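Hello,

Here is the structure I promised to pass along.

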Amino acid sequence: MFLIEILTVLPEEVHSRSLRIGANRRTEIIEELAYYSSTVISLLMSCVQKTGNDEKMLIKVFRCLGSWFNLGVLDSNFMANNQLLMILFQVLQRDETSTNLHEAASDCVCSALYAIENVDNNMPLALQLFQGVLTLETAYHMAVAREDLDKVLNYCRIFTELCETFLEAIVRNPGQGMGNLRTLELLLICAGHPQYEVVEISFNFWYRLGEHLYKINDAVLHGIFRPYIQRLLHALARHCQLDPDHEGIPEDTDDFGEFRMRVSDLVKDLIFLVGSMECFSQLYSTLKDGNPSWEVTEAVLFIMASIAKSVDPENNPPLTEVLEAVVQLPQTVHIAVRYTSIELVGEMSEVVDRNPHFLDPVLNYLMKGLREKPLASVAAKAIHNICSVCRDHMAQHFQGLLDIARSLDSFALSPEAAVGLLKGTALVLARLPLEKIAECLSDLCAVQVIALKKQLSQQPCNGKSSDPTLWLDRLAVIFRHTNPIVENGQTHPCQKVIQEIWPILSETLNKHQADNRIVERCCRCLRFAVRCVGKGSAALLQPLVTQMVNVYQIYPHSCFLYLGSILVDEYGMEEGCRQGLLDMLQALCMPTFQLLEQPYGLRNHPDTVDDLFRLATRFIQRSPVTLLRSQIIIHIIQCAIASTTLDHRDANCSVMKFMRDLIHTGISNDHEDDYEVRKELIHHVMSQNGQQMVNQLLQTCCFCLPPYTLPDVAEVLWEIMLFDRPVSKDHSFKFIVLLIFFNHYLSKSTRYRQVRVEQLRKGLI
């Protein structure tokens, strides 16, 4: 017994991260275990023969066997003819097998199926497992009859693993040999079980099957699998039914709600095999021709909502018929049916766009839901969808949207739903005539601005005034999605409104300057305000930069660096703004360097590193000569070299992008007049810092950085080599050492980066 325990954990520890051995030694251990694997299996067989049907011994033997299957060293021919395999399936076929033994045997079979995923190389064992699993159908039905859910789940796991293993054969040769479609029948039998947890086990296989068939795109092949997918969809619709005694709306956050969301995703991925219009029509006919109970109606509407967007809305009478029937549902139907019908209406927004005569009845229907607490948030989401798709048609209803926005807090909306309504309103606002946009934007922002004013004066405002983030987030979404089309030479219609709101935002920023969360929301709001009007925000540039710099000296919130990068992006190419932006950069850099020079400063402030080099990169992209001629560039480069040791994903990526773009500036001849100047400035910078940069990159790759960062380092080295090949030759040994790392992780990088690393190899060796 003790020896079997050791033989069980030994293969499990081979790939343990805590086992500090090299790859070569690990390979040697695996080869040695493979050499003795047949001896181990013979030992296990002897234990079973001597102890007979002793349950504890069988459990230990099956666990040990599964461990060796997982290691992938067992000989296929040897195992195919081994008595252990027969005993394994005999245990699973017996009705009296205990739960613990059944689970151990099921785990072992799943491990064996996973181990032979490369079926062609393990044909003898694959054939035995395939035939063995097909014999378990009767045992599954017996477990269902005895209501033994644990065993049912085990059988479903085995059937699913069988299908996963033989997926290639099923798709390549459906109905032939190991592509026998009885495997799918087994999964569909499991889908018929009343417990939804059973069918959920098979979801990953159905995803993979749909992905394979979509890539092959063979109509004949699709036709073979279509009946199976249709049966699956009908089974899923049944599983999505709420309990008949359910009260209230469907819950999204409990286990059943999460299951329904997974069903929705799966249906969207598989619907191309059935045909979205055909499926939609069939589902609707079950409602129209019969008299189903409310829970059946709700489940059908839920599946219809999942596929509604994939149905062609052009000249499609069944869609308009469904839409007309849904908006005429009486308020007396179960509230869950109304909830899901509202979701369906929101998903059919493209149908409304093609049939604008439905717009009024649809909006009336959604407004009824908006006024009821349980339905308010889902109705708001549907209105948002309608506004996003039907912008032009919704322009005539803007006043109604504005009235809703003014009384937003009178509805029982979640914060996300409220923001979504404002987003939809802003999208419609952008389609109004330019001369009306300024006034309408001012009205839309007024509620938020008034709330911020009251908050600043310490007056209560619906109990929410202590935290201005609610109003800042709402202003941000308005600015973000108000994007009217403005011709060159025209004054941006939002410019005046944003200038009027600026003092309130400035005062809010000053009042809460110590609170990082609120300052981040202020900066986010200002970011979208600047993006909204572009260069029309020039009047705000001086006061905004001054305030950013002043607050940053006391409270170095990294969001100011990010906002600075937005300003550089918008104004960096304007000759009159460059010096002011450089002064801003220099003023922000001093406190930043002090912060990062503290003990563990880089590790404790990765967001600051990330945003600092985003700002520096924007400057390199928009006004490289201005930055390269300044005194601050040397300090920024030194900070970048020090930051290469940081193993934070975003921060490290920003540092490497800055270094890459910096060097690339001296290479890229984009027909601009300052190319020679840039090249000379970069040459000066690299002559001072190039050797230190390469040394540091070598050190960090060897001792600091995780594998996923290495391709980004390769990009920097590639640019160095292109810029100055003689210098790169001097450092060729260091480059070649680095290539050892890149080659090791090459398969994990994108094809683009693979090409770059290959180019780097050819350029140096």
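Which residue with a positive phi follows H9? That residue is Glu147, with a phi near 55°. Please keep in mind as you read on that this is a predicted model.

Helix H9 itself spans residues 137-145, and within that helix Ala139, Tyr140 and Ala143 are buried. Looking down the axis of H9, these buried residues fall within an arc of 105°, so they line one face of the helix. What do the buried residues of H9 pack against? Their partners are three helices: H6 (83-93), H10 (149-165) and H12 (182-191). On the face of H9 turned away from the buried side, you will find Thr138 and Ala145, which are exposed.

Now to the start of the chain. Helix H1 covers residues 2-13, and Ile6 is found there. Together with Phe2 and Leu3, Ile6 makes a nonpolar surface patch of about 330 Å². Why is Ile6 classed as partly exposed? Its relative accessibility is 38%, and partly exposed covers the range between the buried limit of 20% and the exposed limit of 50%.

One item from the records: UniProt, in an unreviewed entry, lists residues 2-108 as "domain: Exportin-1/Importin-beta-like". In the model, the chain over residues 2-108 is 78% helix and 0% strand.

Best wishes

Key. Residues are numbered from 1 along each chain as its sequence is written. This is a predicted model: local features need pLDDT of at least 70, side-chain atom pairs count only at pLDDT 80 or more; totals for chains, interfaces and linings use all residues. Side-chain values use heavy atoms; hydrogens and water are left out. Patches are made of residues with over 30% relative accessible area and no salt bridge: like charges are joined within 9 Å, nonpolar side chains (Val, Leu, Ile, Met, Phe, Trp, Tyr) within 5 Å. Accessible areas come from the Shrake-Rupley method with a 1.4 Å probe; for residues, only the protein chains shown count as cover. A salt bridge is a side-chain nitrogen of Lys or Arg within 4 Å of a carboxyl oxygen of Asp or Glu. Helices (H or I, at least four residues) and strands (E, at least two) are DSSP runs, numbered from the N terminus. Buried means under 20% relative accessible area, exposed over 50%, partly exposed in between (1.4 Å probe, protein chains only). The arc is that of the directions from the helix axis to the C-beta atoms. Contact means heavy atoms within 4.5 Å. UniProt positions are given in the numbering used here, feature names are shortened, and annotations may be inferred rather than shown by experiment.
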